[in-house]
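Hi there,

Here is the structure I promised to pass on to you. Have a look at it first, and then read my notes below.

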Amino acid sequence: MLAIYKKEVKSYFTTMTGYVFIAFMALVVGYVFYMINVKSSYAWIGETLEYSYVSIVFMILVPVMTMKVFADERHTKTDQMLFTAPVTVGQIVCGKYLAALTVFLANIAIICMYPLFMSDYGEIPFLASYCAIFGFFLMGAVYFAVGLFVSSITENQIISAVATFAVILLSFIMQYLVGVVPSAPLPSMITVCIGIVILAVIYYFIAKNTVDNALLISLIVAGVGVVAVVIAYFINSSMFEGIVEQIMLHLSISYMYGYFFETEVLDINGLVYFFSLIGLFLFLTVQSVQKRRWS
């Protein structure tokens, strides 16, 4: 895994990808930091990291970083060399993922210096600031995991970049769409049932070549899930009041970042949320690569 990690880190800096990512992120965050924290005398760095310019640029740069991780190797057939190397698929995925995070950590290191600069001009909430920076890193780690997964399911870099951007953008705007979804119990219950069926179908297409009886498992999951939801609705329909809105908010990674990391308290629930998403997408990436390895 270490050899893969070193190779990937080197690849980011033998091309312009790593330099462009670090430079653009530093430029945008630095500008917003100057306008909000310096010029407007706002002490908390989290306001800068939540600003829309930073979020939009971040959503564009992450797909650029991850689009070639697996897609390019699949297109050029060099992935076959990895599959014959004495490493597991999990080690391959982790090596590539940690390499991308290493580049991102360069920007985090720069951001970590901003509260120190501001401390010369007044009192700074250091604990809240560094909690916000750590949360920003976790949010980025989720985005990179998403990009890694999308790159593993296609051999076209452009499609990989566009699809990754679309997924991250959908997650970003999810928090603004909660007002248009039904909040009444019955429509909410039906929406949850449809979501369970969609998840079962997605699982089938991901696992059909690597898991025995993937279709049967998908049908059982969909059937049991829908029946359980319907039973729960008849037992206590009020529990479905606004549940779709809550699900959508929890699918909005940027919203959850603000929800968990706006205080000086490091919320354990926030850590569980972000690490669970990272683990989920890395697991899906491993399954996707494993599927291609044996197909």
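Helix H10 gives the most to the lining of the largest pocket, with 10 residues. Helices here are DSSP runs (H or I, at least four residues), while strands are E runs of at least two, numbered from the N terminus. A pocket is an open set of points on a 1 Å grid over the protein atoms alone, where a 1.4 Å probe fits, with protein on both sides within 12 Å along at least five of seven lines; lining residues have an atom within 4 Å of a point.

Please keep in mind that this is a predicted model, in which local features need pLDDT of at least 70 and side-chain atom pairs count only at pLDDT 80 or more, while totals for chains, interfaces and linings use all residues. Residues are numbered from 1 along each chain as its sequence is written, and side-chain values use heavy atoms, leaving out hydrogens and water.

Back to the pocket. In total, 32 residues line the largest pocket, and Met 174, Ile 198, Leu 199, Ile 202 and Leu 251 lie nearest its centre. Two or more lining residues come from each of H8 (126-152), H9 (157-173), H10 (185-207), H12 (243-251) and H14 (268-294). By class, the lining of the largest pocket has 28 nonpolar, four polar and no charged residues. Nonpolar means Ala, Val, Leu, Ile, Met, Phe, Trp, Tyr, Cys and Pro; charged means Asp, Glu, Lys and Arg; the others, Gly among them, are polar.

Pro 185 is found in H10. Not counting residues up to four places away in sequence, Pro 185 touches Tyr 233, Ser 237, Phe 240 and Glu 241, where contact means heavy atoms within 4.5 Å. Its C-alpha atom is 8.2 Å from that of Ile 243, 58 residues apart along the chain.

How do the axes of H8 and H9 cross? They come within 9 Å and cross at roughly 140 degrees; axes are lines fitted to C-alpha atoms, for helices over the stretch in contact, with angles from 0 to 180 degrees between N-to-C directions. H8 and H9 are therefore oblique to each other (under 35 degrees is roughly parallel, over 145 roughly antiparallel, 65 to 115 roughly perpendicular, and the rest oblique). Among the residues in this contact are Tyr 143 of H8 and Ala 163 of H9.

For H2 (residues 17-38) and H4 (residues 52-66), the axes come within 10 Å and cross at roughly 175 degrees, so H2 and H4 are roughly antiparallel. Their contact has 14 nonpolar residues, one polar and no charged.

Enjoy exploring!
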